[in-house]
Structures are given as C-alpha cells and as structure tokens.
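Me: I have a chain open and want to know what stands behind the labels put on it. Take me through the terms one by one.

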Amino acid sequence: MASASATVSIHRTAFSPPFQFQPGWRAPLPLRCTHSERGVSFDPGSAFYRSDSAPGRDLAVLAATLHRQRRLDPSSPFLCLDVMCGSGIRALRYLAQAGADFVWANDASDALRPVVVANLSRFELPPSDGQRRWVVSHLDASRLLAERYLRREYFDVIDVDSFGSEAEYIRAAFLALKIGGLAYLTSTDWRSARGYGGKCSLSSYGAYIRPVPYPNEIGLRMLIGGAAREAAMLGFHIKPVFSYYASHGPIYRAMVQLCHGKEDDISNYYGFICHCKSCGQTQTFGFDELGQISCGCADRADATSITVVGPLWTGPLHDASSITEMLNLAVEWGWAYTSENGIILQKLLDTMIEESDPRLPPGYIRHDEIARRAKVNSPPLGTLISSLRKEGYAACRSHIGANAIKTNCPISSCIEIAREIRNMR
Ligand SMILES: C[S@@+](CC[C@H](N)C(=O)[O-])C[C@H]1O[C@@H](n2cnc3c(N)ncnc32)[C@H](O)[C@@H]1O
Ligand SMILES: [Zn+2]
C-alpha cells in the first residue's frame, strides 16, 4: 500500500479549517472520458477499477438515494464518505446520482490524486461561493475515520471498498457514521468464507468457519455477523439493507444500517450454523443450545458428519421493503432491465426480495444434490420451487448460485418432492 499523506483539498460545509477551499484553486484539466457507468463518465487512469463491480455500485447508489429521501432529518446536508475510493467512481456516483450534498473521497495512495480530482472536477462547475461539494484526501482508512469521529464529523453513508477483509475498519466506520446511517462493507476474503482461513476468520470476524456446501452465503453471514458484533460492542445494532455476493473476485458486500440501541437479544440473529454431511440437513443453533448441537438423522452417532460454523449472522440477508423500493427506483431510472456486465438488476433484486423471507433459514441446497440424494434426474429448478411452495414451504432461488434453492423444507421432504415430480413416489 502506498504511504498515506495528509494531502487534503476543499470541502463544503461544517468541516474544520485545514480543509477550507483555497482561493485561487483551479480544477485540473479533465481526463479523457474512457468509461461510463449508468451515464456517469470518468477515467480510472492508473487506479484499481473493475467494471464487473458496477452492479455493486448500482445497488449502493439506489440504497443511498432512498436513505437520503427517508432519513429522519431530510433537510440536513447528505454526506458520503468513500474511504477507499480508487478512481473516485463511487464518490462521483454518490454526487451525481444519489444526490449527495458533499462527498469525501479518500485513498491511501497519493499517486491517485490527479485521477480522483480530475474525475470529481468533471462533475462540478467552478465554485461560486468559495465552497465545493467534495474533498480528496490520502490518509490511511483508520486514521481518516478516527479523525472524523474525533472532530464529530458524522456521515450518512460510509463506503469501505477494501481488498481482503475489512474487519479492522468496521468499528471505525460505525464511529464516524450518523446513527441511522448506512455502512457499505466489503470482504474479498474468500479463503475464510470457504473454510480455509480458520485463524483469519477468527481474528477478523470472531467466527470459526469450516467448509460447508454454501460457502459464499457463509461469506456474507461472516461479514454481517462481524458488523453485528462490532455494533453491539458500541451499544448499537445493525439491520442489513442488502447483501450481495459477486463471483468476480469473489466479493462479499453488505449494506448495513446502524441503529440506535442494543438489540434486545442479539442471539436471535447471531449464532451457529450446523451442516450434516450425512443427510445434507442444515440447522441453526443459538448460544444457549451449544451443548445440544446434533442432527436427527440415523448417522447421529458419527460426529465427523457434523460441521459447525459461527458465530455469524443467521437472520435475513436483506430487508424486503428496502429492496422493493430499490427495485422501484431502478425501474423509474431505467436501470432495471438493462444488463450491466451481465447482471440484470430487476432479476437480481427480485431474487433478493424472495431471499428476504424471514422463514428461510441460512444456507441453500444445490438442486443436483437433491437429485443425487433422491436418485432421480434433476427436476427443473422452477418446478421444484413451485412444488415446495404448494406444500406450504418457503422456497426460492439464491442470488449466489444459479442452481441453488433456499428453503425451509427439510432435506428429507425435498427428496420426496423431487421423487414425486419424477413420478417415483
Ligand atoms: C478495491 S480498490 C477501490 C476501488 C474503488 N472503490 C472502485 O469502486 O472502483 C481499494 C483501494 O483502497 C486503497 N487502499 C488500500 N488500503 C488502504 C487503506 N488502509 N486506507 C485507505 N485506502 C486504502 C487502494 O489504494 C485502492 O485504491
Ligand atoms: Zn444428518
């Protein structure tokens, strides 16, 4: 990582003197517009930039926009902090699309300064009142966030788009966030998520992870669980607005809202997930059930068939009403049905709405696993889901895996239903 320097320019409202707009400041000449995301042009220059991550940025902009409209005091300036900004594309999109009044774009690398400043300059006309709507700095994330907290400069949205695990920044981000604000968290620590980084997941997220058949959902639950624990330590609780797994990277992202007060009982949504290799059943267990973890299948005597992971987030992955509003906004803006990097937002958000059903337990079952256990050819995924629903179970696709089903139906009944579809019962 490049060394952090305290190069900071410009700002808008109640920020401290070192960040005042300097008279005589002139915007650098715009770079060539080589890229565009949803109509916003920019040049990533030498910054780390992946167009595959555009859907993750779309989701953030939709959620931030709705938060701006719905927050308790909509007349106060809407402030966004892009902690690891790279080219500044997120900062730019929060300004241009989410209606941010002020955006702080930071990246530890001061070599990126011309790129970020040129991209943000393109958005804004020269200042008329000596104040601008953005600032660029080159501080280490922890220092930046700690300084904002010490100066009581709280933000509505804080976006931390790190490489690896960002667990070390979660608490610092919460401290610099307004209560009710949104933190957009990222992890690319797939080794931990998939159970090959036990020590790392323990030190980062306080969770012990071993391989289970739905590792990428575990990655999201590890990230949200870590955030829930950090919030609880500070006397708050969180609500996931959405969580999103993207296979490039792979990347685990969660937009969480920081809410006032501790959850009455954090263990409602924070506990252990148990998978039985022998029968394929997944169950959740609370802290008060730690001594009773077992599976009811015939192989219960075989302790090696049971894998327990946690503690991690066991509640819903998204908030259905927020996602519904995001989908409506995407439709209104003409974003819903166009494919950006192969992702159609309407399909993604529809799946997320279904995944938000509070009856659905953690995990998913691969549809070929059901077929293998039932000893039948795989029934079509859609047919299996509607049959499960007809039997009164919650069932849907998973946004994480194309061939996976989330359901509260026990695996033994899934097998029966698969056989019935194939007329084998
Ligand atoms: C994944 S890239 C950011 C990409 C960008 N947010 C986007 O959407 O295109 C991560 C960035 O974090 C910066 N970075 C790494 N460690 C940092 C730290 N401790 N503090 C601040 N920035 C850091 C890197 O220089 C890099 O530009
Ligand atoms: Zn079992």
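Reply: Start with contact: two residues are in contact if their C-beta atoms, placed from the backbone, lie within 7 Å. The model is a predicted one. By that cut-off, the buried residues of α11 pack against β16 (365-366), α12, β18 and α13.

Me: Which residues of α11 are called buried, and what makes a residue buried?

Reply: H367, I370 and A374 are the buried residues of α11.

Me: How do you know on which side of α11 they lie?

Reply: Their arc around the axis is only 55 degrees, and therefore they sit on the same side of α11. Just after the helix, K375 has a positive phi of about 55 degrees.

Me: What makes the residues of α12 buried or exposed?

Reply: The count of C-beta atoms within 10 Å decides: 20 or more for buried, 12 or fewer for exposed. In α12 (residues 381-390), L384, I385 and L388 are buried. These cover an arc of only 100 degrees, which means that they are on the same side of α12. G382 and K390, on the other side, are exposed. The buried residues of α12 pack against α11 (367-374), β17 (395-397), β18 (404-407) and α13 (411-421). G392, which follows α12, has a positive phi near 95 degrees.

Me: Why are β11 and β12 called paired?

Reply: Pairing requires at least two bridges found by DSSP. Strand β11 (residues 270-276) and strand β12 (residues 282-285) have four, in the antiparallel sense, so they count as paired. C274 stands opposite Q283 in β12. Five residues lie between the strands of this hairpin, where G280 takes a positive phi near 90 degrees.

Me: What makes a set of residues a nonpolar core?

Reply: The members must be buried Ala, Val, Leu, Ile, Met, Phe, Trp, Tyr or Cys residues, joined through C-beta atoms within 7 Å. The largest such core has 119 residues, and among those that touch the most other members are Y94, I158 and A183. Helix α8 (residues 215-233) gives the most to this core, with eight residues. At least three residues come from each of domain 1 (5-268) and domain 2 (364-425). Leaving out residues up to four places away in sequence, I158 touches L81, V83, A173, A176, L177 and A183.

Me: How many of the chain's residues count as buried?

Reply: Of 425 residues, 47% do.

Conventions
Residues numbered from 1 in each chain as written. Chains lettered and ligands numbered in written order. Predicted model: local features only at pLDDT ≥ 70, side-chain atom pairs only at ≥ 80, totals over all residues. Helix = DSSP H or I, 4+ residues; strand = E, 2+ residues; numbered from the N terminus. Arc of directions from axis to C-beta. Domains from an automatic or database assignment.
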